[in-house]
Amino acid sequence: MKKKKIAPSLLAADFANMERDIKMVEEAGADLLHIDVMDGHFVPNFTIGIPMVKAIKKVSSIPCDVHVMIENPGRYVDAFVDAGADYLTVHAEVCPNLHRVIQQIKARGIKAGVALNPHTPLSAIEEVMQDLDLILIMSVNPGFGGQSFISNTLDKLQRLSKILKERNLEHIEVEVDGGVKYSNIKEIADAGADILVSGSGIFKAGHPAQMLQDMKNKLKK
């Protein structure tokens, strides 16, 4: 059975005190740092870019889980790997040559992931699933933090878990991003998520480090 992991999303951290917040969640037991990259085209927002990923990596002692919500992600694979990405996840919706991009990532020796928006069916990755290290199920529409979890994501997770089991692909990690908080984290994990991304659920809590520890304890029950 795969270990359940929590990946605080730095999109919700204090950008003026990023190193402080990174150290805080690492000491509280974070398994990964989730880094959202947005280009203002694929999604209606701009966020962290390659220089920021490089800066985060310099002060991080745990893997960097880089989720790129950008057009033409294949152009930037080498740059993100060079900046320090340990996982690199691209969106199926913007990759007409998805297999090629996955192979680009894997050729650089890091973990390759593909993300699916809430409306995108699992069939979009049917022909490349066996090549993946990670599948990211978006449980909100990408672009902004603080949104509410889309409830039918649970059914999507259960269907994905069944497919992975039938194909002997249970080594692939399933990640969920969007609206994950203390009140629903166990339900999402039980539906099939291995990596739980939480931004506002952690960083906007009164005591973020304690909240992260509480989430980890809840997953063990």
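Mentor: Let's start with Asp-82 and Arg-108, which form a salt bridge with their closest N and O atoms 2.8 Å apart. The term salt bridge here means a side-chain nitrogen of Lys or Arg within 4 Å of a carboxyl oxygen of Asp or Glu. This pair links distant parts of the chain: Asp-82 sits in helix 3 (residues 77-83), while Arg-108 is in the loop between helix 4 and strand 5 (111-116), 26 residues apart. Helices (H or I, at least four residues) and strands (E, at least two) are DSSP runs, numbered from the N terminus.

Before going on, keep in mind that this is a predicted model, where local features need pLDDT of at least 70, side-chain atom pairs count only at pLDDT 80 or more, and totals for chains, interfaces and linings use all residues. Residues are numbered from 1 along each chain as its sequence is written, and side-chain values use heavy atoms, leaving out hydrogens and water.

So how open are the two partners? Asp-82 counts as exposed because its relative accessibility is 55%, and Arg-108, at 33%, counts as partly exposed. The cut-offs are simple: buried is under 20% relative accessible area, exposed is over 50%, and partly exposed is in between (1.4 Å probe, protein chains only).

Now for a pair within one helix. Asp-155 forms a salt bridge with Arg-159, and here the closest N and O atoms are 2.9 Å apart. They are four residues apart in helix 5 (residues 153-166), so about one helical turn separates them. Asp-155 is partly exposed, with a relative accessible area of 39%, and Arg-159 is partly exposed too, at 42%.

Helix 6 (residues 185-191) holds another such pair: Lys-186 and Asp-190 both lie there, four residues apart, about one turn of the helix. Their side chains meet in a salt bridge at 3.1 Å, N to O. Asp-190 is exposed, with a relative accessible area of 55%.

Lys-2, Lys-4 and Asp-194 are linked in a network of salt bridges. By this rule, the count comes to 14 salt bridges.

For contrast, look at Leu-98, which is found in helix 4 (residues 98-107). Leu-98 counts as buried because its relative accessibility is 9%. Leaving aside neighbours within four places in sequence, its contacts (heavy atoms within 4.5 Å) include Val-90, Val-114 and Ile-125. Leu-98 and Ile-125 are 27 residues apart along the chain, and their C-alpha atoms are separated by 8.7 Å.
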